[in-house]
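I opened the model to look up how its chains are built and how they hold to one another. My entries follow in the order in which I worked.

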Amino acid sequence: MENVIEVKGATKVYKALDFWNKERTTAIENVDLFVAKGEVFGLLGLNGAGKTTLMKVLLGLLKPTSGEVSILGGSADDIAIRARIGYLPELPYFPKYLKVREVMEYFAGIFGIPGNIRKQKIESILEIVKLSKKSEAGVKELSKGMQGRLGLAQAILNDPDLLFLDEPMSGLDPLGYKETRDIILDLKKRGKTIFFNSHILSEVEKVCDRVAVMHASHIKSVETLAEALKKHGSLEKYFVGIVEGNS
Amino acid sequence: MVILKRTALYFALNAAFAIMCVMNFLATNDLKTIQPAWYFLSRHSYGNFGQIAAVSFGYRPLLADVDYISMLQYYGDPAGAQDGHKRMLGCLNAITDAEPDFTFAYTYGAAILAFNLKRYDEAISIIQKGISFNPSFWKLRFYLGAIIYSKKGDTLKLTGLLEEALKFSDHPAVIERMLGNIYEISRTPDETAQYWVMIFRTTKDAETRKYSSERLKSIIASGRLKYPSIILKSL
Amino acid sequence: MNRILAVAEYIFKQSFRNRILNVLIIFAVFAAMFSLAISELAQEAEVKMVMDFGLFAIEIFAFLTLVLSMTIQIFEETELKTLMVIMVKPIKRSEYLIGKYLGVITTVLMNLLVMTAVVMLVVKLKGGDPWDIKMLTSILYSYMGICVLAATAILLSTVSTTVPSWVIYLFFVYALGHLTVHLKNLVKDSAGAALKTIVDFIYYVVPNLELFNLKDKLNSTGGIFEPKYLLLVFGYGILYIVVSLAAACFIFDEKEF
């Protein structure tokens, strides 16, 4: 199967912000990873393990200190590649004085969605994330969960082949979990590849094909979900076992 | 290819920067040629923080305007009158140091000093300062003449110059009152009354309008008018 | 081009609807109207007073609009991490910066137009000529100076790490920009080589805002409003904007988020 994400020996060392301080922080070290097309891949880890850094390196927001990174057969520096990816950051923020529709029009303009189909496209995406009734509402009127859904809407606006989600269920209520999960499963059914970080193991169990555990800047384990559950009984035991075994 | 493109862009940027520096240099030279020497800060500006601050924000005239209003407040203040408006010349110098081409400050200030406060030497000094900074503004020489004649008591020549000044729309209102007062001594009551009617109608200054009205009432009440009906008709 | 305009529209809407900027515009209008009251004290120099005060208010409030608008942007980009969402979209970093620049100067332009209309009304009320060509030209060049400063602001935002430091740098550049010509004049005859070099460096690198400052030269008889000078300054302004934005793009291209 074709790999849409390939990482070989990726390392990222942060320089100290303080001019006098020569200490360096190694956020990720010698990471090897691949994600196949059409997979839902879950990256698990404690806070500070390096999950967000790895995602940023994949997206081209950070340059790796060493190693090779490839997404969709190319680099995230290539605009043509970026046109095929979507990204939802943790705690997305949108200007509170704009309306939901205006935020989506902004991103549609960047994606170059033609004017004649733009309105229709935005409406269909808002329908998917269940925000169509709020299209004329101001961003400041949206609840935290709705803002998260708006974030997801801008991430899937361009019908991406590869979607990066950083803690997509952060701050959501149980209904929000279900709605987000349904969207992810629907995207999976349509052949999209999804790479996401999450702490909510119960949700990861419901959507992922493969999972990896990151601990102290390293990838400690990569398994299919079925294997992990077979060996350890639950994803929690698998995760805790890897983390505590390495502490 | 990317490196080549970036290198080309880098050199183009440097070339643009060099051209920009040349244009800056040429424009600055033009500015130095166009603007008079006083415009630029000098060693004498060091003591004047207000001027340095005004120049930092690019706004000398505003400093002059604030000083001008302060001068007017000082002139209208009864406490100032008690000390004979000693600081008047200092106030005018502050205004004209901040904005040497504020020509109205010279004419207005000199008129007050000469015609109201009778301090002719100070009036002459401020007018001469104005002429040195604004050599092409001929009206200053005009006012200088009027002040000198007033100092010498040459009423005839003074009247002629004041009448000339009145023809210009930007003359200070004090000239109007001064000329009227001279007419009350040197002309007939009817001629003086007709003058005050004209001033009442045309002056832009509220205080002068009030003054002209009072003078007119005084002349009418005195019964000295030969043809009162003509004056009353023109009112 | 469409991407640049999409960013410009977004930045403009976000700034223009911000309550803080709306309050600033109201303040600016009040300042212009306040000149009406001040001019009552001015006796016979009323038109000069309202014009001087009005032109000063226009430039200062245009500058404050620039500062506020950019502060909002920088805060959102750095503290609320909005930039990450944009940078993974199919938009070049240079396109984003140029779109941001256009959005910011459009916001300033809207404020400037409102202020200009108010000042013209006030001048007319005082019996002056609201269409005085020198007054209007000086407003135009004030705006040009602000556009140059906006390009510098964009460049500074790519190197500053915090919003307060950026604000301080910009205020410093604003004051220094007006003083460079004067500093060069001061050191020309007597200062040492080291000081002259430092002053020359400042003179060529910091935008020479004094060239755009026509508002305190309304009485100038020497030809400051002649096409030759105006075109030279306009050319300098355009080049400075291009160089600043290009330098900002170079730095921004290497930036990590």
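In what order do the elements of chain C run from the N terminus on? I read them as α-α-α-α-α-α-α-α-α, with 9 helices and 0 strands in chain C, where helices (H or I, at least four residues) and strands (E, at least two) are DSSP runs numbered from the N terminus. Before going on I noted that this is a predicted model, in which local features need pLDDT of at least 70 and side-chain atom pairs count only at pLDDT 80 or more, while totals for chains, interfaces and linings use all residues. Residues are numbered from 1 along each chain as its sequence is written, chains are lettered from A and ligands numbered from 1 in the order in which they are written, and side-chain values use heavy atoms, with hydrogens and water left out.

**Chain C as a whole**

I looked up the radius of gyration of chain C and found 20 Å, close to the 18 Å of the globule rule for 257 residues, so the chain is as compact as a globular protein of that length; the radius is taken over C-alpha atoms, and the rule is 2.2 Å times the number of residues to the power 0.38. The C-alpha trace of chain C spans about 60 × 50 × 30 Å along its principal axes. Of its 257 residues, 61% count as buried, which here is under 20% relative accessible area, with exposed over 50% and partly exposed in between (1.4 Å probe, protein chains only). For contacts (heavy atoms within 4.5 Å), I noted that residues 24 or more positions apart account for 78% of those in chain C with a separation of 6 or more.

**Between chains C and B**

I then turned to the contact between these chains, which takes 53 residues from chain C and 48 residues from chain B. The area buried between them is about 4,800 Å², with 65% given by carbon and sulfur atoms; this is the accessible area (1.4 Å probe) that two parts lose on being put together, summed over both. I counted salt bridges as a side-chain nitrogen of Lys or Arg within 4 Å of a carboxyl oxygen of Asp or Glu, and there are 5 between chain C and chain B. One of the pairs I looked up is C:Lys48 with B:Glu99, at 2.9 Å from N to O. Another salt bridge, between C:Asp253 and B:Arg6, has an N to O distance of 3.5 Å; C:Asp253 lies in helix H9 (residues 227–253) of chain C and B:Arg6 in helix H1 of chain B, so the pair joins two chains. C:Asp253 is partly exposed at 31%, and B:Arg6 is partly exposed at 29%.

Helix H2 (residues 49–56) of chain B has B:Gln51, B:Ala54, B:Val55 and B:Ser56 as its buried residues. I found these packed against helix H3 (60–76) and helix H5 (88–98) of chain B, together with helix H7 (163–187) of chain C.

**Salt bridges within chains**

A:Glu179 and A:Arg149 meet in one at 3.7 Å, N to O; A:Glu179 is in helix H6 (residues 174–189) of chain A and A:Arg149 in helix H5 (residues 144–156) of chain A, so the pair ties together parts 30 residues apart in sequence. Both count as buried, A:Glu179 at 18% and A:Arg149 at 19%.
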